[in-house]
Amino acid sequence: MAEAQSMPGADSAGEAVAAAVESSVVTRTSAPPSFDVADFPVPHGREEEWRFTPLQRLRGLHDGTAAADGSIKVDLSAPDGVTVETVGLDDPRVGRAGTPVDRVTAQAFSSVEKATVVSVPRDAVLAEPVRLGLHGEGGVTYGHTVFDIGAFAEAVLVLDHTGDTARAANVEFLVGDGAKLTVVSVQDWDDTAVHVTQHNVLVGRDASVKSIVVTFGGDVVRVHPRVSYAGPGGEAELYGLYFTDEGQHHEHRLLVDHNAPNCRSNVAYKGALQGETARAVWIGDVVIRVQATGTETYELNRNLVLTDGAQVHSVPNLEIETGEIQGAGHASATGRFEDEQLFYLMARGIPADEARRLVVRGFFAELVQQIGVADVEERLLAKLEAELAESIG
């Protein structure tokens, strides 16, 4: 798969759309969004967007010392009718969904020469998922991929990350008017891998997007989904689950920018942590603009700490610039096993270890069911069982 470099060109219509989207994006970052890595200072860890991230473990992705010396094996399968192109940066689809908002993703854009565009035609209803497998084979790799979903099309995308690499990438999802898209992104890297990625989603008029981010592997994983709306009536559901083990750092930063009227969003992320040095971060930003009347939104993050020493930072943020909305709210909770649940199960003859497994399975069950791809669900449940066997015995 080919991959992208420097600021993309666009025709006048593409530039207008990109400008409109970019003007509506709140970043909470130390520098404005840019495709040029030189526009971002090297982070030192005191910046708001980097204060939780272990910069020394990013293998140089953040300071310009990580040369693209690695390789990644790409396995792309798609139903008939789906097209795959390698395009230049003058293609109007590149950069249309959003712009890098931190130095690492800007470095990714500045470090590659081409973009890959996967297109689902208008009105197509795909019977099988589009599957993109990326298997790291060592070294540092960069990438840029655009998924262009035509108006009134219906598609499921499965992105699967395995192997070892230090990977920085931008992924765009252009969801046409009336289209329906489900995206499942699985981070099942080796324990030595580093992965920093920004997912930009542009939701068309009356379109719907469901994103499920699943993170189990990697030394450091930082995923940054960002959603904005190209017209009224759009809907975005953002789900995520992560199981953070000894020595791992898993960070998920979300922004839903309600910049159009009568749109909906729902965010639900759940994580479990085990091991004294396990670390997880969840940042959830929702912004409701003045023009976004009729908005309905809710965000939720829950974390289950399985062992002493594990730490999680959960920060929901909600900014409302108009009072003419349907509803908005957020919630965050972190804790251990609930004694009442364990007592209920053990009182019915279930051993303590099995009761704990049942509680954790139930904790994740509703999010696993959102995936809707049987083989992916089975694989993740098996992975969860293996993690539970290690932590609970």
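The protein chain of this predicted model exposes about 15,200 Å², of which carbon and sulfur atoms supply 48%; accessible areas were computed by the Shrake-Rupley method with a 1.4 Å probe, and for residues only the protein chains shown count as cover. Of the 393 residues, 57% count as buried, that is, under 20% relative accessible area (1.4 Å probe, protein chains only). Residues are numbered from 1 along each chain as its sequence is written, and side-chain values use heavy atoms, with hydrogens and water left out. In this predicted model, local features need pLDDT of at least 70 and side-chain atom pairs count only at pLDDT 80 or more, whereas totals for chains, interfaces and linings use all residues.

The chain contains 5 helices and 16 strands, taken as DSSP runs (helices H or I, at least four residues; strands E, at least two) numbered from the N terminus. Among contacts (heavy atoms within 4.5 Å) between residues at least 6 apart in sequence, 88% join residues at least 24 apart.

The count of cavities of 30 Å³ or more is 4. A cavity is a set of points, on a 1 Å grid over the protein atoms alone, where a 1.4 Å probe fits but cannot get out; points are joined across faces, edges and corners, and the volume is the space filled by probe spheres set on them. The largest cavity holds about 100 Å³ and is lined by 14 residues (an atom within 4 Å of a point). Nearest its centre lie L134, H161, R167, A169 and V171. Strands β4 (130-149), β5 (154-175) and β7 (194-203) each supply at least two lining residues, with the largest share, 6 residues, coming from β5.

Methods
1 Å grid on protein atoms, 1.4 Å probe; cavity = no way out; pocket = protein on both sides within 12 Å on 5 of 7 lines; lining within 4 Å. Buried < 20%, exposed > 50% of the residue type's maximum accessible area, 1.4 Å probe, protein only.
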